[in-house]
Amino acid sequence: PGYSWRGYAIFSDNQNEILYDVIIERPSLYRLIMHYRNPHEYTLSGMVVVTPENPSYMSQVFGVVIGT
């Protein structure tokens with residue numbers, strides 16, 4: 001709810017994750033760029049999980065730290 005076609009979202013206190021489908025037509029090296037403005041006076045941490053549709057491929061997980 002509230003997502004635009006560009007993938008922007010506004011978090012509320014009740015929403016702690018975003019699910020966003022990305023279609024990749026061919027294998028290659030890709031860069032995922034995210035922008036988040038931290039409205040708090042403390043550092044936030046989170047996790048990004050990239051899960052392929054094919055269960056024989058491994059998911060990729062990496063942590064993110066969002067400063068003030």
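Please look at the two strands to begin with: β1 and β2 run antiparallel to one another and are paired over seven bridges. The model before you is a predicted one. To place one of the pairings, Leu44 has Ile66 in β2 as its bridge partner. These two strands stand without any helix, as the chain has two strands and zero helices.

How many of the seven residues of β2 are buried? The count is zero, and the strand, which covers residues 60–66, is accordingly described as hardly covered. For the chain overall, 4% of the 68 residues count as buried.

Let me turn to the contacts. If we take those between residues at least 6 apart in sequence, 22% of them connect residues at least 24 apart.

Now to the surface. The accessible area of the chain is about 7,100 Å², and carbon and sulfur atoms account for 54% of that. A nonpolar patch lies on this surface, made up of Ile18, Tyr20, Val22, Ile24 and Tyr30, with about 510 Å² of accessible area together.

Where does Ile24 sit in the chain? Ile24 belongs to the segment that precedes β1, the strand of residues 44–50. Is Ile24 buried or exposed? Its relative accessible area is 51%, and Ile24 is therefore classed as exposed, since the cut-off for that class is over 50%.

Thank you for your attention.

How values were computed:
Residues are numbered from 1 along each chain as its sequence is written. This is a predicted model: local features need pLDDT of at least 70, side-chain atom pairs count only at pLDDT 80 or more; totals for chains, interfaces and linings use all residues. Side-chain values use heavy atoms; hydrogens and water are left out. Helices (H or I, at least four residues) and strands (E, at least two) are DSSP runs, numbered from the N terminus. Buried means under 20% relative accessible area, exposed over 50%, partly exposed in between (1.4 Å probe, protein chains only). Contact means heavy atoms within 4.5 Å. Accessible areas come from the Shrake-Rupley method with a 1.4 Å probe; for residues, only the protein chains shown count as cover. Patches are made of residues with over 30% relative accessible area and no salt bridge: like charges are joined within 9 Å, nonpolar side chains (Val, Leu, Ile, Met, Phe, Trp, Tyr) within 5 Å. A salt bridge is a side-chain nitrogen of Lys or Arg within 4 Å of a carboxyl oxygen of Asp or Glu. Two strands pair if DSSP finds at least two bridges between them.
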